[in-house]
Amino acid sequence: MNLVLHYGLLGSFEAALIALAVGFVVYALWWQVCRRHGLSHGHAVGWSCLAAVAISSGVDGWNLFYLGMVRLESPLYARLALAAIHDPDQLGTRVVLEVIGALIGVGLGWWAFSSRHLAQDATDAP
């Protein structure tokens, strides 16, 4: 997706909100899959955390890894690498906030779906 985010901390918070929504949706999908196959909530939480973090912060995380591992000795290579990154000044902050947002989104999804599931079980009991 080519979303136009703001620069600075505001853009990092926008990315975190997008990651939160991704985490919630991914948990909703994994919850359905795990419920149909008889798996526990732990499987849904674990796999959805992994998928949400990979989806939401995958590109920025890769850029952060790439900048730390590749030898950018030439100013040309450094300029090319930084030109491909949206707001390279806030890259580390954005990655951390995206991971936190994705995990919070999964947690909110777990809270929303498990409380509804527990409420249905309580009404079914005699």
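This report describes the fold of one protein and two of its residues.

The model is predicted: local features need pLDDT of at least 70, side-chain atom pairs count only at pLDDT 80 or more, and totals for chains, interfaces and linings use all residues. Residues are numbered from 1 along each chain as its sequence is written, and side-chain values use heavy atoms, with hydrogens and water left out.

**Overall fold**

The protein has four helices and zero strands. Helices (H or I, at least four residues) and strands (E, at least two) are DSSP runs, numbered from the N terminus. From that end, the order is α-α-α-α.

Of the 126 residues, 29% are buried. Buried means under 20% relative accessible area, exposed over 50%, and partly exposed in between (1.4 Å probe, protein chains only). The accessible surface is about 8,300 Å². Carbon and sulfur atoms hold 70% of that surface. Such areas come from the Shrake-Rupley method with a 1.4 Å probe; for residues, only the protein chains shown count as cover.

Contact means heavy atoms within 4.5 Å. Among contacts between residues at least 6 apart in sequence, 71% join residues at least 24 apart.

**Two residues**

| Residue | Helix | Relative accessibility |
|---|---|---|
| S12 | helix 1 (residues 9-37) | 0% |
| I100 | helix 4 (residues 91-124) | 42% |

S12 counts as buried because its relative accessible area is 0%. Beyond its neighbours within four places in sequence, S12 contacts Q90, T93, R94 and L97.

I100 has 42% relative accessibility, so it counts as partly exposed. I100 and L20 are 80 residues apart along the chain, yet their C-alpha atoms are separated by 8.1 Å.
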